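The sequence and the structure come first, and the text follows.

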Amino acid sequence: VETLAAIASRRNVRAFADRPVSEEQLRRILDAGRLAPSGRNWQPWDFVVVTDRAQLQELAGVWVGARHVATSAATIAVIAPGDPEELQRARFDLGQAVMSIMLAAADLGVASGHAGCRDQDLARRVLGFPADRACAMLVALGYPVGRPLAAVRHDRRPFNQVVHWGTW
Ligand SMILES: Cc1cc2nc3c(=O)[nH]c(=O)nc-3n(C[C@H](O)[C@H](O)[C@H](O)COP(=O)(O)O)c2cc1C
């Protein structure tokens, strides 16, 4: 898939087919996250990859918007500095890593869905990350149910409303 096609076809998927994503595909997706840019090349991320069904089901309890994690083929937990100020500084970088992960997934025909992570104690218990880290975001992955990823977008503000040439 061309990069622009991957950008256009990525959409949040919250219903996944009962079909695994191969370790090779997961490695390619994770590597895209690892290669993301960050301020002063800080790389304030670690990724915990979960594929075990019971672990995924437990992890889905961290936030009401994370239920789709339970049925994902794999979920990547993006682990960040736990100190609130550092976490705030890392947010932009983390967003770039998540976007790289999602675009790499789309490139491979794998669907992805963000999920926030509210219950840090539960996330720490399931994922085992150290006390000085926090789970910033979950990225659920799998093959989409219903329709394949495709460049259909009706839910975005129109180009001419968003883009201002030269001046506002
Ligand atoms: C920072 C951020 C947090 C999000 N958190 C959640 C979430 O907790 N649960 C969820 O189902 N979707 C979540 N989303 C997905 C957005 O709702 C989704 O990206 C948006 O509606 C646009 O739809 P699209 O991704 O299909 O283009 C999140 C997205 C972003 C960027």
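The model is predicted, so local features need pLDDT of at least 70 and side-chain atom pairs count only at pLDDT 80 or more, while totals for chains, interfaces and linings use all residues. Numbering starts from 1 along each chain as its sequence is written, and side-chain values use heavy atoms, with hydrogens and water left out.

**Cores.** A nonpolar core is a set of buried Ala, Val, Leu, Ile, Met, Phe, Trp, Tyr and Cys residues joined through side-chain atoms within 4.5 Å. Buried means under 20% relative accessible area, exposed over 50%, and partly exposed in between (1.4 Å probe, protein chains only). The largest nonpolar core has 26 residues, and Leu-59, Val-69 and Leu-138 are among those with the most contacts inside it. Two or more residues each come from helix 3 (53-59), strand 2 (74-81), strand 3 (111-115), helix 5 (120-127) and strand 4 (133-142). Helix 5 gives the largest share, 4 residues. Helices (H or I, at least four residues) and strands (E, at least two) are DSSP runs, numbered from the N terminus. Leaving aside neighbours within four places in sequence, Leu-138 is in contact (heavy atoms within 4.5 Å) with residues including Leu-59, Val-62, Ile-76 and His-114. A second, separate core has 25 residues, including Val-21, Val-78, Ala-105 and Tyr-143.

**Ligand site.** There are 13 residues around the ligand, and Asn-12, Arg-14, Gly-65, Gly-116 and Arg-156 come nearest. A residue is near if one of its heavy atoms lies within 4 Å. The table lists polar contacts, which are pairs of N or O atoms within 3.5 Å.

| Residue and polar atom | Ligand atom | Distance |
|---|---|---|
| Asn-12, backbone | oxygen | 2.7 Å |
| His-114, backbone | nitrogen | 3.4 Å |
| Arg-156, side chain | oxygen | 2.7 Å |

Taken alone, the ligand exposes 630 Å², and the protein buries 58% of that; the areas come from the Shrake-Rupley method with a 1.4 Å probe.

**Single residues.** Ser-112 is in strand 3 and counts as buried because its relative accessibility is 2%. Apart from residues up to four places away in sequence, Ser-112 touches Asn-12, Met-102 and Val-139, among others.

Most residues other than glycine have a negative phi. Asn-41 has a positive phi near 55 degrees, and Gln-43 a positive phi of about 50 degrees. Asn-41 lies in the loop between helix 2 (23-34) and strand 1 (46-50), and Gln-43 is found in the loop between helix 2 and strand 1. Gln-43 counts as partly exposed, because its relative accessibility is 36%.

Conventions: Polar contact = N/O pair within 3.5 Å; in protein donor to acceptor, adjacent residues only side chain to side chain.
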